[in-house]
Amino acid sequence: MQTAQGTKNLNRGITECIQRRGVSTEGPNAKGAQQTLSGSISKYTPEAHRALIAMRCAVNRRPFRSVADPLYIEEVRLLRPDVIVPSPRTVSRDINEIYREGSKNVKEYFSV
(Lines give C-alpha, C1' and ligand atoms only; values in the text may rest on other atoms or scores of the structure.)
Protein backbone atom coordinates (compact mmCIF):
# COMPACT_ATOMS: atom_id res chain seq x y z
CA MET A 1 0.00 0.00 0.00
CA GLN A 2 1.29 3.44 -0.93
CA THR A 3 1.19 5.95 1.92
CA ALA A 4 1.55 9.05 -0.27
CA GLN A 5 -1.36 8.17 -2.50
CA GLY A 6 -3.43 11.26 -3.25
CA THR A 7 -1.39 13.76 -1.23
CA LYS A 8 0.46 15.30 -4.18
CA ASN A 9 -2.62 17.18 -5.43
CA LEU A 10 -3.51 18.21 -1.89
CA ASN A 11 -0.04 19.61 -1.24
CA ARG A 12 -0.01 21.41 -4.60
CA GLY A 13 -3.42 22.95 -3.80
CA ILE A 14 -2.16 24.14 -0.42
CA THR A 15 0.94 25.71 -1.98
CA GLU A 16 -1.12 27.50 -4.65
CA CYS A 17 -3.57 28.79 -2.05
CA ILE A 18 -0.74 30.12 0.14
CA GLN A 19 0.81 31.92 -2.84
CA ARG A 20 -2.53 33.39 -3.96
CA ARG A 21 -3.28 34.73 -0.50
CA GLY A 22 0.22 36.11 -0.03
CA VAL A 23 0.67 34.32 3.29
CA SER A 24 4.18 34.22 4.69
CA THR A 25 5.71 30.77 4.63
CA GLU A 26 7.90 31.70 7.57
CA GLY A 27 5.09 30.62 9.90
CA PRO A 28 3.13 32.33 12.64
CA ASN A 29 6.29 32.94 14.68
CA ALA A 30 7.88 35.15 12.02
CA LYS A 31 8.93 38.56 13.34
CA GLY A 32 5.92 40.87 13.44
CA ALA A 33 3.52 38.16 12.24
CA GLN A 34 0.17 37.96 13.92
CA GLN A 35 -2.53 35.35 13.39
CA THR A 36 -5.95 36.89 12.67
CA LEU A 37 -9.36 35.32 13.21
CA SER A 38 -9.62 34.48 9.52
CA GLY A 39 -6.36 32.56 9.75
CA SER A 40 -4.26 34.83 7.56
CA ILE A 41 -1.03 36.46 8.64
CA SER A 42 -1.00 40.20 9.24
CA LYS A 43 1.92 42.47 10.07
CA TYR A 44 1.60 45.09 12.78
CA THR A 45 2.89 48.57 12.05
CA PRO A 46 2.53 51.64 14.26
CA GLU A 47 1.30 53.61 11.23
CA ALA A 48 -1.49 51.13 10.50
CA HIS A 49 -2.44 51.14 14.18
CA ARG A 50 -2.63 54.96 14.24
CA ALA A 51 -4.70 54.98 11.05
CA LEU A 52 -7.10 52.41 12.48
CA ILE A 53 -7.52 54.40 15.71
CA ALA A 54 -8.15 57.61 13.73
CA MET A 55 -10.75 55.92 11.55
CA ARG A 56 -12.42 54.32 14.59
CA CYS A 57 -12.72 57.71 16.31
CA ALA A 58 -13.92 59.49 13.16
CA VAL A 59 -16.39 56.90 11.89
CA ASN A 60 -17.89 56.01 15.29
CA ARG A 61 -17.75 59.58 16.63
CA ARG A 62 -15.63 58.51 19.56
CA PRO A 63 -13.78 61.16 21.55
CA PHE A 64 -10.04 61.38 20.91
CA ARG A 65 -9.46 60.89 24.64
CA SER A 66 -10.90 57.35 24.38
CA VAL A 67 -7.36 56.19 23.56
CA ALA A 68 -6.21 57.41 26.98
CA ASP A 69 -8.69 55.14 28.78
CA PRO A 70 -6.62 52.86 31.05
CA LEU A 71 -8.76 49.82 30.21
CA TYR A 72 -8.34 50.43 26.47
CA ILE A 73 -4.57 50.73 26.91
CA GLU A 74 -4.57 47.53 28.97
CA GLU A 75 -6.57 45.74 26.26
CA VAL A 76 -4.16 46.82 23.52
CA ARG A 77 -1.12 45.83 25.59
CA LEU A 78 -2.73 42.48 26.37
CA LEU A 79 -2.85 41.78 22.63
CA ARG A 80 0.56 43.29 21.86
CA PRO A 81 2.71 44.26 24.88
CA ASP A 82 5.23 46.41 22.99
CA VAL A 83 2.63 48.81 21.54
CA ILE A 84 2.77 52.51 22.31
CA VAL A 85 -0.79 53.85 22.20
CA PRO A 86 -0.89 57.32 20.61
CA SER A 87 -2.04 60.29 22.65
CA PRO A 88 -5.42 61.97 22.06
CA ARG A 89 -3.52 64.91 20.54
CA THR A 90 -1.82 62.59 18.03
CA VAL A 91 -5.20 61.05 17.10
CA SER A 92 -6.60 64.55 16.52
CA ARG A 93 -3.64 65.49 14.30
CA ASP A 94 -3.95 62.23 12.36
CA ILE A 95 -7.66 62.81 11.69
CA ASN A 96 -6.97 66.37 10.54
CA GLU A 97 -4.22 65.12 8.22
CA ILE A 98 -6.50 62.42 6.77
CA TYR A 99 -9.16 65.09 6.19
CA ARG A 100 -6.70 67.50 4.51
CA GLU A 101 -5.28 64.84 2.21
CA GLY A 102 -8.73 63.43 1.43
CA SER A 103 -10.00 66.93 0.61
CA LYS A 104 -7.24 67.34 -1.97
CA ASN A 105 -8.31 64.11 -3.66
CA VAL A 106 -11.98 65.14 -3.69
CA LYS A 107 -11.10 68.58 -5.08
CA GLU A 108 -8.96 67.02 -7.80
CA TYR A 109 -11.69 64.51 -8.66
CA PHE A 110 -14.35 67.20 -9.16
CA SER A 111 -12.11 69.66 -11.02
CA VAL A 112 -12.88 68.65 -14.60
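**Group meeting: a walk through the predicted model**

The protein chain exposes about 9500 Å², and carbon and sulfur atoms supply 56% of that area; the accessible areas come from the Shrake-Rupley method with a 1.4 Å probe, and for residues only the protein chains shown count as cover. Before I go on, please keep in mind that this is a predicted model, in which local features need pLDDT of at least 70 and side-chain atom pairs count only at pLDDT 80 or more, while totals for chains, interfaces and linings use all residues. Residues are numbered from 1 along each chain as its sequence is written, and side-chain values use heavy atoms, with hydrogens and water left out.

Let me begin with the overall layout. Read from the N terminus, the order is α-β-β-α-α-α. Of the 112 residues in the protein chain, 18% are buried, where buried means under 20% relative accessible area, exposed means over 50%, and partly exposed is in between, with a 1.4 Å probe and protein chains only.

If we set aside residues up to four places away in sequence, V91 touches I53, A54, C57, F64, V67 and P86, a contact being heavy atoms within 4.5 Å.

H49 lies in helix α2 and counts as buried because its relative accessible area is 12%; leaving out residues up to four places away in sequence, H49 touches Y44, Y72, V76 and V83. D94 lies in helix α4 and, at 13% relative accessibility, is also buried; with that same exclusion of residues up to four places away, D94 touches R50 and A54.

Y44, for its part, sits in the loop between β2 (41–43) and α2 and is partly exposed, with a relative accessible area of 25%. A polar contact of 3.2 Å joins the side chains of Y44 and H49; that term covers a pair of N or O atoms within 3.5 Å, where within protein one must be able to donate a hydrogen and the other to accept it, and residues adjacent in sequence count only if both atoms are side-chain atoms.

Which residue lies over the face of Y72? That is R56, at 4.8 Å from the ring centre, the rule being that NZ of Lys or CZ of Arg is within 6 Å of the ring centre and within 35 degrees of the ring normal.

Finally, R61, in the loop between α2 and α3, has a positive phi of about 50° although R61 is not a glycine, and R61 counts as exposed because its relative accessibility is 79%.

Note on methods:
Helix = DSSP H or I, 4+ residues; strand = E, 2+ residues; numbered from the N terminus.
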